[in-house]
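User: I would like to go through this model with you, one element at a time. Could you take my questions as they come?

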Amino acid sequence: MLVFALKRTGALIVVLFFLTATVFVLGKVGNADPVRTYVGVNASAEAVAEAREELGLNNPVYVQFADFVGGLFQGDLGISLATKRHISDDLASALPATLELAFMAIGMSIVIGVLLSSLYTRPGRIGSALRFVFFSLASAPSFLIAMLSVLIFYKWLDGALPAAGRSSYGPYDDGTGFYVLDGLLHGSLTYSGDALAHLVLPAFAASIGPGVALARVLADGITSSMKSPWARTARSLGESEGTVLRRHALRNASSPALSLLAVQAGMMVSALVVVEQVFSWNGLGSYLKTAIGVGDFPAIAAICLILGAFYVILNALVDVVLAAVDPRVRLS
Amino acid sequence: MLFSRKRALARAEAGAVGTLRDGFWDALGKAEKASLIGVGVVIVVSLLGPVVWPYSAIIPSGEQLLPPLSGGHILGTDTLGMDMMARLLSGMQRSLMAAVVVTTIAAIFGSFIGVMAGFRGGAVDTVLMRVTDLFLAFPATIIAMAVAAALGQSIWSAMAGITVVWWPLYARLVRGEVRRVVALPHVQAAKVSGVTGWRLLVKHVTPAVTPTIAVTASLDIGAVIMTLAGLSFIGLGTPAPAPELGRMASDGMKYFLNAWWISVLPSLAIGLLSFLFNYAGDALRVGLRRKGV
Amino acid sequence: MSDAPVLTVDDLEVVYRTRDRVVTAVTDISIAIEAGRCLGLVGESGSGKSTIGAVVQGIIPDDGTATATGRVTLAGRDLTPVTDPVWPQVRGRDVTTVFQDPMRSLDPTMSIGSMLNRYTGSAAASIAALARVQIRDAATVLKKYPHQLSGGMRQRVMIALALARGPKLLVADEPTTALDVSVQAEVLNVLREASRDAGCAVLFVTHDLGVARHMCDEIAVMQNGRIVERGPADQIISDPHEPYTKRLMASRITLDTDRSRPVGAPEAAVVSSMEDVLKVQGREGGDVEDRWAASSLCWDDFRGETAAVGAATGDDAVRLVSHVTRASLTVNDVHKTYTSRVKGRKVHNHVLKGVGFEIGYREAVALVGESGSGKSTLLRIAGGIEDADSGAVDSQGVAGEGTQVIFQDAGASLTPWMTVEQLLVERVAHTRTGKDMTTGQMRDLAVRTLELVGLDATIMGARPAQLSGGQQQRVAIARAVVVPPSVLLCDEPTSALDVSVACSVLNLINLLRHSLGIAVMFVTHDLAAARLIADRVLVMTGGEIVETVPAERLAQDITTDYGRRLVDAVLA
């Protein structure tokens with residue numbers, strides 16, 4: 001088990017290194033001219049030369065890469081060409097915003113997945129109608145779901161749920177950046193409740209896809225487990241269908257569902273990027289969109305690195321957890 | 001769901017398929033037939049629509065922000081007074097063609113790598129699969145984003161970005177299939193008969209693998225359409241006035257509460273495309289499996 | 001024990017409806033079993049025996065739209081077959097089952113203890129239950145997961161589970177078919193003793209007459225959904241009355257079967273020439289009685305016709321060499337090790353530890369061993385499918401065309417999208433013989449070879465899926481001998497087949513061996529089949545050949561303990 005965890009960590013480090021290298025190389029070979037973006041189109045030759053020096057572009061490439069990696073270790077993601085500030089400072093408020101939304105969305109997708117999975121396997125007309133609806137929902141882009149939920153809950157239901165921003169009040173000065181948590185820390189349930197209300201629609205829009213996918217995997221896993229030879233054995237020993245489901249099928253279906261959830265959670269972070277646009281959520285996504293708009297590649301690279309690392313680490317964690325849970329992985 | 005590469009892989013692996021044969025159509029249910037017909041209709045409409053439709057997709061042709069069913073514009077006009085229907089038709093055509101190109105290139109390149117690795121085995125296999133696994137370990141959409149961003153704002157960059165992260169799926173899938181097929185008794189029997197090298201690969205191995213590749217690719221088109229739209233939505237596509245569905249949707253967000261149609265309609269178009277292709281892809285797989293091939 | 005039967009089935013009929021047809025699985029079935037007795041249901045695949053096993057548990061396999069009529073009385077309770085609402089209370093208490101597939105019949109995520117304790121009530125009771133199925137180290141076994149146990153152990157656990165709550169009836173559905181022969185006997189003994197101790201009746205479903213005789217007090221023989229004959233086990237085996245049972249018995253191969261003649265021939269039929277034999281053997285379907293016939297001919301009689309066949313098969317195709325200087329196959333000190341990774345550590349599995357033997361001109365040698373003995377690996381190396389780590393295999397032999405292999409699963413060994421003609425011609429084109437031949441000549445050779453194995457030339461254009469199992473097997477054999485190899489390697493060619501088909505394949509191999517003059521290496525776990533084909537039997541275990549015995553007096557001459565165990569495991 002320990003050996004497995006260590007090996008998985010080793011692989012994780014390799015992947016993270018190549019991820020960093022890939023992002024760095026893309027910055028070097030890309031079309032955008034970082035200096036021009038930095039100083040503006042009309043800057044003098046001296047200003048350009050100065051900027052080159054300031055951005056470290058006169059150093060050999062391997063030194064630039066070493067500086068880049070060294071900076072990452074100190075939490076320095078480089079300098080934004082657009083805001084001319086340290087990207088890590090820019091992200092200080094954006095990262096908690098996105099993470100808060102992500103946690104909420106993951107939680108909601110688990111709830112959706114588990115609830116839907118029991119509906120999914122229903123036989124007959126109702127079942128196939130439900131499956132059709134789920135399938136359609138899973139095929140819809142998350143921004144469509146986001147837009148429709150804004151139209152329904154904000155516009156047509158006259159503001160039943162807030163559809164823009166994170167809070168009606170603005171942040172606490174000494175807050176953690178996680179608004180729901182901040183409210184609790186300051187003893188203001190109103191504040192937390194308001195933040196939660198703001199979370200509902202964007203989290204819902206981001207969680208429909210993963211939730212449906214989870215439901216399908218759970219349902220498929222349970223269905224195939226219920227048809228398996230060991231389920232037949234359990235029945236021949238007198239177990240009822242309910243017991244076979246609880247004692248055997250759920251256990252066997254949970255591992256693939258868990259690993260799917262990891263993949264989905266990683267992908268959801270990128271779906272959030274899109275959803276944030278619709279809900280004017282000042283998180284990584286909005287920052288990314290701005291950076292893309294002005295060709296600010298260092299900022300784009302930084303966000304890709306953060307999201308990428310999140311995805312890779314999460315997957316490694318789940319692999320280790322699965323190995324700990326599933327005797328087949330652990331003992332064979 | 002916006003990004004669905006992993007799901008595409010899982011689906012492809014879950015449904016290893018056989019060959020297409022006569023009677024495939026009969027094995028399909030009503031809904032499955034309908035979805036295949038739907039895909040046919042969408043392809044025809046998006047190819048012919050822009051030619052037939054009287055309005056241009058990139059030249060203003062009426063008042064600005066006309067709501068649907070007004071002023072002679074069935075789906076209204078956008079902020080510049082361009083006809084929404086014309087833009088949607090062109091946008092669907094663009095999405096479709098881009099997705100087909102991306103899927104084809106990724107499938108061909110990935111399959112080539114997969115066949116090499118699976119058939120040759122040994123060091124070739126190890127090296128190719130290490131590289132493939134590295135790519136697979138990367139978060140696909142984020143790398144696609146980074147690649148597209150580095151190449152600049154255009155649909156070509158987005159396509160390049162997606163191709164870069166999509167081929168490893170085929171490499172993995174095909175390599176696994178080739179290794180499975182090579183271990184099958186009929187390939188071993190052919191080897192014993194004295195058949196080796198290219199003839200063994202072409203005559204006894206690849207016919208078992210190509211249907212899987214073809215079905216996987218057709219299953220993937222929906223996912224690629226959605227990923228392209230996602231990239232386009234966050235600004236990694238050709239800027240307006242190019243009729244690109246994802247960008248149209250996100251550009252329209254500024255006027256969302258007053259003119260919902262300029263964002264919602266392109267999103268619906270993407271949803272329709274991805275839904276039809278996903279559903280038809282599933283139908284294809286179900287049909288093949290029900291045929292028992 | 002009371003005299004009233006635990007189980008009675010009266011006038012049972014089960015009908016399956018699929019999309020486009022209606023199949024009567026069983027009809028007119030009436031059986032009864034008393035407590036402590038064992039009834040065997042014996043039949044070939046498709047005879048309906050498993051359907052009865054499913055009915056008496058109140059489960060019909062799959063979700064099939066099945067209807068059943070008749071009456072089932074179990075432990076004094078009257079039950080409607082299949083649909084009775086009381087079944088869930090009966091199943092698991094009055095009737096339990098041991099299934100065929102021990103690999104997958106236990107939930108892989110649960111330890112043996114957590115499964116068994118549920119039915120025994122406590123760990124101590126579970127240990128006692130495991131002791132009853134002769135598992136000594138019960139406390140350790142309770143902590144293990146199914147995949148950590150051998151097939152035999154898993155099946156014992158299955159038996160312990162099935163007997164845990166003291167059922168009145170135990171259904172055993174081919175419980176040892178997936179096990180090695182030596183394990184099979186042990187598990188059968190465990191099953192018999194444990195069920196007798198528990199005083200429960202056993203319905204034993206099997207295709208294997210030897211197993212049935214070993215286990216059962218009474219046997220009912222099934223064919224096409226009906227019981228054709230029933231009686232005490234010994235009587236059915238030694239003195240069958242019905243033609244079908246007679247044929248089934250005649251197709252059985254034991255250690256006493258006459259090796260000099262084709263097996264499976266009823267006394268009446270007489271044929272006089274090889275052409276007759278081929279014609280009769282090749283026919284699919286037809287009357288059971290005349291499908292198999294060759295009572296007076298000995299294999300040696302075919303030698304005389306060899307030259308004629310040689311001429312008929314093409315001048316260059318069969319090079320019969322009368323003066324032989326070299327062995328057909330020489331295997332010299334072959335080693336093979338597989339390396340796998342378990343939990344990141346390398347594990348070496350030394351499959352072949354220096355194996356060496358020779359197969360002489362026209363000689364047939366059988367390699368007998370259980371799974372893991374290395375016999376199949378050796379065949380794959382001899383066939384050129386795998387390479388040995390060290391040592392040499394020389395198969396150039398007399399004809400210079402090397403080795404050919406007949407695989408266990410003949411259907412799967414034919415490339416699905418190629419026609420019979422393409423398959424055969426491809427083989428010819430890749431031999432020395434075929435180098436100078438035109439396509440037309442290759443075609444002619446293919447046709448003649450199909451006739452040789454008893455097939456009609458009209459199937460040349462067929463693809464494997466369009467052929468029956470027997471035809472596929474013959475096409476596979478035809479491809480192997482279309483250009484006769486020095487050695488024909490046979491990898492358990494009969495183990496997946498019903499007895500009558502298996503018997504016909506063995507006859508065909510024997511026939512080809514004698515008529516084409518090729519040597520045979522026959523790999524099997526079945527001593528009786530080995531004895532029938534081979535002149536010499538090599539016993540393999542643990543990657544080594546431990547004994548070489550002349551086939552004729554196999555049972556008497558075998559000396560090693562391991563060999564004796566294999567002989568004892570052949571249930572006669």
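User: What span does helix α7 of chain A reach from its first C-alpha to its last?
Analyst: This is a predicted model. In it, helix α7 of chain A, residues 142–156, has 15 residues and reaches 20 Å from first to last C-alpha. That is close to the 21 Å expected at 1.5 Å a residue.

User: Which residues of α7(A) are buried?
Analyst: They are Ser142(A), Phe143(A), Leu144(A), Ile145(A), Ala146(A), Met147(A), Ser149(A) and Val150(A).

User: And what follows the helix?
Analyst: Asp158(A) follows α7(A), and its phi is positive, near 55 degrees.

User: Changing topic: how many residues does each side bring to the contact of chain B with chain C?
Analyst: Chain B brings 14 residues and chain C brings 18 residues.

User: Which helix gives the most on the chain B side?
Analyst: α7(B) does, with seven residues. The chain B side as a whole divides into seven nonpolar, six polar and one charged.

User: Now chain C. Why is strand β3 described as largely enclosed?
Analyst: Six of the six residues of β3(C), residues 38–43, are buried, so the rest of the structure largely encloses the strand. Cys38(C), Gly40(C) and Val42(C) are buried on one side, and Leu39(C), Leu41(C) and Gly43(C) are buried on the other.

User: Which strands does it pair with?
Analyst: β3(C) runs parallel to β8(C), residues 201–206, with five bridges joining them. It also pairs in the parallel sense with β9(C), residues 218–223, over five bridges.

User: What does Val42(C) face in each?
Analyst: Its bridge partner in β8(C) is Thr206(C), and in β9(C) Val42(C) stands opposite Val221(C).

Methods. Residues numbered from 1 in each chain as written. Chains lettered and ligands numbered in written order. Predicted model: local features only at pLDDT ≥ 70, side-chain atom pairs only at ≥ 80, totals over all residues. Contact = placed C-beta atoms within 7 Å. Helix = DSSP H or I, 4+ residues; strand = E, 2+ residues; numbered from the N terminus. Nonpolar A, V, L, I, M, F, W, Y, C, P; charged D, E, K, R; others polar. Expected span 1.5 Å × (residues − 1). Buried ≥ 20, exposed ≤ 12 C-beta atoms within 10 Å, placed from the backbone. Pairing = 2+ DSSP bridges.
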